[in-house]
Amino acid sequence: VTQYLQSSLILLQQLKGVKLSEATIGIIGVGNVGSKIAKVAQEFGMRVLLNDLPREDKEGGKDFSSLQTLAEACDVLTFHVYKEGKYKTFHLADNAFFQSLRRKPVIINTSRGEVIETNALLEALATGIISDAIIDVWENEPNINLTLLNKVFLGTPHIAGYSADGKANATRMSLDALCRHFNLQADYRIIPPEPEQAQLTTSSMEEAYLKMYDPRRDSEALKAHPELFEKLRGDYPLRREKNAYTILCP
């Protein structure tokens with residue numbers, strides 16, 4: 001997911017005129033993934049606001065902002081929330097949420113499709129309440145809303161976390177949890193397969209990141225054949241993240 005957001009932010013800057021170093025990003029849900037997204041955004045020079053009610057309850061409020069603050073201050077809003085529990089996440093972004101926005105932000109969702117109400121998002125796009133959207137997860141997958149698919153900047157088939165590194169990390173976390181539960185020694189190694197191109201020679205880091213992964217390819221494939229949603233997800237090719245490459249810039 002980190003790689004997906006990193007490349008998506010670069011494309012927003014290159015193609016949509018979002019000046020990352022002058023922009024504020026709001027991260028809604030600051031667990032393992034959201035925390036990594038915060039670091040990526042900081043590397044781009046973005047101002048970062050965090051919203052996470054469960055963590056705020058547990059840790060205190062000094063590092064977190066209200067959803068209303070994010071709605072008023074952010075140029076990009078990205079969702080990384082937990083499953084439904086004590087705090088509502090189903091249709092967290094509903095019509096009332098979109099009406100509260102003040103800066104026509106870009107909306108990004110890589111968490112769960114049901115976090116954003118589809119009709120409310122369509123209305124926000126149609127009326128200019130938001131400037132654009134990047135959607136990887138959808139309500140009613142695989143029967144996704146084709147009108148929304150054709151309106152978003154990037155629309156992908158639930159593959160944001162499908163890098164080999166992401167899968168290895170998720171497997172590692174699952175095994176660690178099992179070992180802790182059964183009081184077992186965690187004695188294993190998970191080694192992702194080697195990337196096809198272990199060395200990248202390029203003129204800039206941004207170009208290198210897009211060479212490693214450009215989400216436009218996945219978006220174009222889904223928009224061309226939305227009926228293949230499950231196939232595009234199930235037959236997803238090998239993708240490695242930046243720590244698998246040696247990047248050579250002049």
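Two strands are taken to pair if DSSP finds at least two bridges between them. Helices (H or I, at least four residues) and strands (E, at least two) are DSSP runs, numbered from the N terminus. The structure described here is a predicted model, in which local features need pLDDT of at least 70 and side-chain atom pairs count only at pLDDT 80 or more, while totals for chains, interfaces and linings use all residues. Residues are numbered from 1 along each chain as its sequence is written, and side-chain values use heavy atoms, with hydrogens and water left out.

The protein has 11 helices and 8 strands. Of its 250 residues, 48% count as buried, where buried means under 20% relative accessible area, exposed means over 50%, and partly exposed lies in between (1.4 Å probe, protein chains only). With contact meaning heavy atoms within 4.5 Å, 69% of the contacts between residues at least 6 apart in sequence join residues at least 24 apart.

Strand 1 is joined to strand 2 by 5 bridges, and the two run parallel. Within this pairing, Leu50 of strand 2 is the bridge partner of Ile27. Strand 1, helix 2 (residues 32-43) and strand 2 together make a right-handed β-α-β unit. Right-handed here means that, with the strands pointing away from the viewer, the path from the first strand over the helix to the second runs clockwise. Strand 1 (residues 24-28) also pairs with strand 3 (residues 76-79), in the parallel sense and over 4 bridges, and Phe79 in strand 3 is the bridge partner of Ile28.

How is strand 1 placed within the structure? Because 5 of the 5 residues of strand 1 are buried, this strand is largely enclosed by the rest of the structure. Thr24, Gly26 and Ile28 lie on one side and Ile25 and Ile27 on the other, and both faces are covered. In a regular strand the side chains alternate between the two faces of the sheet.

Strand 4 pairs with strand 3 in the parallel sense over 4 bridges, with Thr78 opposite Ile108. Another 4 bridges join strand 4 to strand 5, which run parallel, and here the bridge partner of Ile108 is Ile134 in strand 5. Between strand 4 and strand 5 the chain crosses through helix 6 (residues 118-127), in a right-handed β-α-β crossover.

Several side chains also meet ring to ring. Rings of Phe, Tyr and Trp (its six-membered ring) pair if their centres lie within 6.5 Å; planes under 30 degrees apart count as stacked, over 60 as edge-to-face and the rest as tilted. The whole structure holds 3 aromatic pairs. One of these is the edge-to-face pair of Phe79 and Phe97, at 6.0 Å centre to centre and 65° between the planes. This pair links distant parts of the chain, since Phe79 is in strand 3 and Phe97 is in helix 5 (residues 95-99), 18 residues apart. The centres of the Phe97 and Phe98 rings are 5.5 Å apart with their planes at 75°, so this pair is edge-to-face. Phe79, Phe97 and Phe98 form one aromatic cluster; Phe79 and Phe97 are buried, and so is Phe98.

A few backbone details complete the picture. Most residues other than glycine have a negative phi, and most peptide bonds are trans. The peptide bond from Glu141 to Pro142 is cis, with omega near 0°, and Pro142 is in the loop between strand 5 and helix 7 (146-151). Lys104, in the loop between helix 5 and strand 4, has a positive phi near 50° and is exposed, with a relative accessible area of 55%.
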